[in-house]
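Please examine the structure shown below.

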Amino acid sequence: QVQLVESGGGLVQAGGSLRLSCAASERTFSNSAMGWFRQAPGKERDFVAAISRSGAVVYYADSVKGRFIISRDNAKNTMYLQMNNLKPEDTAIYSCAATSMVPYLTTLYASARQYDYWGQGTQVTVSS
């Protein structure tokens, strides 16, 4: 059983930055594709970014491309989301997800259905 714990959320003004972390309990972290998702009040959960097992391949939602950077440190069993130039519409609960059902080193997923493990989420609030 993989446990994921997010941290780094908070309140920031528009234009500011935050760095989210997702710490995994499982030593097989390096075998897992990972992703970040977010859910705003009254809205469905949306894909934000995904990263392959090695970190060599990444993919972003159009809404965050050029502003957010996803990365991972397999030695620390931790994934990150650097969020720059934050906008009020980025306000949401951000959750990380993982799956070890990964056929290739370059595989990553943008669909929440592909992920087996989820963190509890961390709140990000961007004021205007």
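Strands are DSSP runs of E with at least two residues, and they are numbered from the N terminus. The model discussed here is predicted. Under this definition the chain has 11 strands and zero helices. Read from the N terminus, the order of elements is therefore β-β-β-β-β-β-β-β-β-β-β.

The overall dimensions may be considered next. Taken along the principal axes, the C-alpha atoms fill a box of roughly 40 × 30 × 25 Å. The radius of gyration of the chain is 14 Å, which agrees with the value near 14 Å for a compact globule, because the chain has 128 residues. Of these 128 residues, 45% count as buried. Among contacts with a separation of 6 or more, 61% are between residues 24 or more positions apart. The accessible surface comes to about 6,600 Å², and carbon and sulfur atoms contribute 47% of that surface. As for charge, the chain carries 12 positive and 9 negative side chains, with the centres of the two sets 4 Å apart.

Strand β8 spans residues 78-83 and is mostly covered, with five of its six residues buried. Two pairings involve this strand. Strand β3, residues 18-24, pairs with β8 in the antiparallel sense over six bridges; in this pairing, Cys-22 has Met-79 of β8 as its bridge partner. Strand β7, residues 68-73, also runs antiparallel to β8 and is joined to β8 by six bridges. Here Ile-69 has Gln-82 of β8 as its bridge partner. Strands β7 and β8 form a hairpin with four residues between them, and Asn-77 in the turn has a positive phi of about 55 degrees.

Arg-19 is placed in β3. Is Arg-19 buried, partly exposed or exposed? Its relative accessibility is 47%, so Arg-19 counts as partly exposed, given that this class lies between the limits of 20% and 50%. Leaving aside residues up to four places away in sequence, Arg-19 touches Ser-7, Gly-8, Tyr-80, Leu-81 and Gln-82. The C-alpha atoms of Arg-19 and Asn-84 are separated by 8.6 Å, although the two residues are 65 residues apart along the chain.

Definitions and conventions. Residues are numbered from 1 along each chain as its sequence is written. This is a predicted model: local features need pLDDT of at least 70, side-chain atom pairs count only at pLDDT 80 or more; totals for chains, interfaces and linings use all residues. Side-chain values use heavy atoms; hydrogens and water are left out. Buried means under 20% relative accessible area, exposed over 50%, partly exposed in between (1.4 Å probe, protein chains only). Two strands pair if DSSP finds at least two bridges between them. The radius of gyration is taken over C-alpha atoms; the globule rule is 2.2 Å times the number of residues to the power 0.38. Contact means heavy atoms within 4.5 Å. Accessible areas come from the Shrake-Rupley method with a 1.4 Å probe; for residues, only the protein chains shown count as cover. Lys and Arg count as positive and Asp and Glu as negative; His and the chain ends are not counted. The place of a charge is taken as NZ of Lys, CZ of Arg, CG of Asp or CD of Glu.
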